[in-house]
Amino acid sequence: MDHTPLFGETSRRDRIVHYILTAVVTGMVLFTVVSAFAFFKGDRILVNNVFFAASLLLIVIGQIVMIVWYREGDLDPKFRRFIYFNAFTTLLLCVAGNLYFHLPGANCTACPTASPCPTTPSTSTTRVT
């Protein structure tokens, strides 16, 4: 006897995977958006951070619409892999954003043309100008 679920039904394993994936992606997106506004250098929020957070939120809105369509049955079940792919891509964007926000010197505004940034601790004491 075949134990595969009928169209429109999901197995318990699929629901657990969906819940875990939803929790991980939601947590990462929330952390990234909060980091875009909370962790900045100086006395102002950088436009790059706000632009990245807005772009990420627009991508997530499109992902949510696809998930809703999939759950309503308006999308073919073969799009489930595409939804997983988009969730993985969103996670990678969040990791990239968090690395940019939290790495030392990533948001350096003291001297945009100097390399290396003098406000970032370095191992060498000489500076090339």
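Asn-86 is buried, its relative accessible area being 18%, where buried stands for under 20% relative accessible area, exposed for over 50%, and partly exposed for what lies in between (1.4 Å probe, protein chains only). The model is predicted, so that local features need pLDDT of at least 70 and side-chain atom pairs count only at pLDDT 80 or more, while totals for chains, interfaces and linings use all residues. Residues are numbered from 1 along each chain as its sequence is written, and side-chain values use heavy atoms, with hydrogens and water left out.

The chain has 3 helices and 0 strands, and from the N terminus on its elements run α-α-α; helices (H or I, at least four residues) and strands (E, at least two) are DSSP runs, numbered from the N terminus. Of the 129 residues of the chain, 23% count as buried. Among contacts between residues at least 6 apart in sequence, 60% join residues at least 24 apart, a contact being heavy atoms within 4.5 Å.

Asn-86 is found in helix 3, and, not counting residues up to four places away in sequence, Asn-86 touches Gln-63 and Met-66. Asn-98 also has its place in helix 3 and counts as buried, at 10% relative accessibility; with the residues up to four places away again left out, Asn-98 touches Met-28, Phe-31, Thr-32 and Ser-35. Phe-82, which lies in helix 3 (residues 80–102), counts as partly exposed because its relative accessibility is 38%.

| Residue | Relative accessible area | Class |
|---|---|---|
| Asn-86 | 18% | buried |
| Asn-98 | 10% | buried |
| Phe-82 | 38% | partly exposed |
| Ile-61 | 49% | partly exposed |

Helix 3 has 23 residues and reaches 33 Å from its first C-alpha to its last, close to the 33 Å expected at 1.5 Å a residue, the expected span being 1.5 Å times one less than the number of residues. Its buried residues are Ile-83, Asn-86, Ala-87, Thr-90, Leu-91, Cys-94, Gly-97, Asn-98 and Phe-101. An α-helix has 3.6 residues a turn, so residues three or four places apart point the same way. What covers the buried residues of helix 3 includes helix 1 and helix 2.

Helix 1 has 27 residues and reaches 38 Å between its first and last C-alpha, close to the 39 Å expected. Its buried residues, among them Asp-14, His-18 and Ser-35, pack against helix 2 and helix 3.

The largest nonpolar core has 8 residues, Val-25, Val-29, Val-33, Leu-56, Val-60, Ala-87, Leu-91 and Cys-94, and the elements that give two or more residues to this core are helix 1 (12–38), helix 2 and helix 3. Such a core is a set of buried Ala, Val, Leu, Ile, Met, Phe, Trp, Tyr and Cys residues joined through side-chain atoms within 4.5 Å. Leaving aside its neighbours within four places in sequence, Leu-91 is in contact with Val-24, Val-25 and Met-28.

Ile-61 lies in helix 2 (residues 47–72).
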